[in-house]
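Student: Please show me the model, and then take me through the terms that are used to describe it. I would like to know the rule behind each one.

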Amino acid sequence: MSEENKNLEENTVETETMADFEDAINASFKRLREGDLVTGTVVSVEEEEILIDLRTFSQGVIPAEEYSDDPDFHAMDEIRVGDELEVMVLYEDEQGRTVTSLREARRTSGWEKLRDALEQHRRYTVKVKEAVPSGVVVFAEGLRGFIPASKLAMNYVEEAELGDYVGKTLTVYPITVDEEENKLVLSAKDVLREEAAREHEGKLAALQKGFITEGTVSRIESYGCFVDIGDDLTGLVHISQIANKFLKSPKEVVKLGMRVKVKVLDVEDGKIRLSMKQAEENVEEISVDNKEAESEPELEYHDEEEATTSLGSLLAGFDLPD
């Protein structure tokens, strides 16, 4: 490198260094106003206060009451020296320090994140802090939220049972995010419904056409009967599939609570079509085949596809979606 280029490079570095120093000096004299959102570096952490470098002439401080709305927040567990924190400027105290609020800054960004979560249908994992009339209190993004008793579980939770939820961790969706009214409502029920629907779809996908099992008649209509085959799955046996004879009413053959054998005919659009008469026909065929096999011991016959088994045994061989 020539002497001229070397001198030029040194002068450029010196100029940049002086410019950075000048920017730092100017920033240090910048006056912060109430309501400003600024970012600083944590200098020390105590339970009573956090000292923060705001890169200004004034030392920044976050008093304990401005940490969080969450009563379980512990600064020494969650904040470390060197962390970058966004805070809101409150006022200047008698010592000339800039008093700031981590809580208010997080409230501002928290509402924005929650509105986005509402639009994007994004879940939160929250811990129940306390039971209150008609529901429970949780915190999401540092903001106090409410889960109504009607949104805690698939079934309604009685007032006397709300205390059982304190300390539990729940997965929820925001359903009302209103910053002006300071109103945050969440639902665990919506998540549970979504997961139950996904599990149900997996069970339907695992059902094989031709599968034979037993079930319980759960409902009778003029056009047929519904049979509960377990694992929250219910299918329709059309009146023409109940017996090998003409029926004016399903009640000629079936009654509520009756255990019956059924064969899966089809699964389409979430609906299961079943047949009682084909299930019996298949069982009779297997019985005849088994008798013929007994008369010819040298031959073995197995019809695993049509053999009667439990739905639990069938689903055990399939990985249902999480």
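Tutor: Two strands are said to pair if DSSP finds at least two bridges between them, and the elements themselves are DSSP runs numbered from the N terminus, with at least four residues (H or I) for a helix and at least two (E) for a strand. This is a predicted model, in which local features need pLDDT of at least 70 and side-chain atom pairs count only at pLDDT 80 or more, while totals for chains, interfaces and linings use all residues. Residues are numbered from 1 along each chain as its sequence is written, and side-chain values use heavy atoms, with hydrogens and water left out.

Student: How do you know that strand S13 and strand S14 are paired?

Tutor: Six bridges join S13 (residues 224-230) to S14 (residues 233-238), and the rule asks for at least two, so the two strands count as a pair. They run antiparallel, and Asp228 stands opposite Thr234 in S14. Strands of a sheet pair through backbone hydrogen bonds, either parallel or antiparallel.

Student: Which strands close into a barrel, and in what order?

Tutor: Five strands close into it, in the order S12-S13-S14-S16-S15, with mixed pairing. Neighbouring strands of this sheet are turned by 50 degrees against each other on average, direction ignored, where each axis is a line fitted to C-alpha atoms (for helices over the stretch in contact) and angles run from 0 to 180 degrees between N-to-C directions.

Student: How do you know that the span of H4 is close to the expected one?

Tutor: The expected span is 1.5 Å times one less than the number of residues. H4 has 18 residues and reaches 26 Å from its first C-alpha to its last, close to the 26 Å that is expected.

Student: What links Arg103, Glu104 and Arg107?

Tutor: They belong to a network of salt bridges together with Glu66 and Asp69. Arg103 meets Glu104 at 3.9 Å, N to O, and the closest N and O atoms of Arg107 and Glu104 are 2.9 Å apart. Arg107 and Glu104 both lie in helix H3 (residues 102-120), three residues apart, about one turn of the helix. For the whole model, the count by this rule comes to 21 salt bridges.

Student: Why is the pair of Tyr223 and Phe226 called edge-to-face?

Tutor: Rings of Phe, Tyr and Trp (its six-membered ring) pair if their centres lie within 6.5 Å, and planes under 30 degrees apart count as stacked, over 60 as edge-to-face and the rest as tilted. A search of the whole structure finds two aromatic pairs. In the pair of Tyr223 and Phe226, the centres are 6.4 Å apart and the angle between the planes is 85 degrees, which gives the edge-to-face label. Tyr223 is partly exposed, at 36%, whereas Phe226 is buried, at 17%.

Student: How do you know that the charged end of Arg219 sits over the ring of Phe226?

Tutor: The rule requires NZ of Lys or CZ of Arg within 6 Å of the ring centre and within 35 degrees of the ring normal. The charged end of Arg219 meets this rule at 4.1 Å from the centre of the ring of Phe226, and that of Lys168 sits over the ring of Tyr165, 4.8 Å from its centre.

Note on methods:
Salt bridge = Lys/Arg side-chain N within 4 Å of Asp/Glu carboxyl O. Buried < 20%, exposed > 50% of the residue type's maximum accessible area, 1.4 Å probe, protein only.
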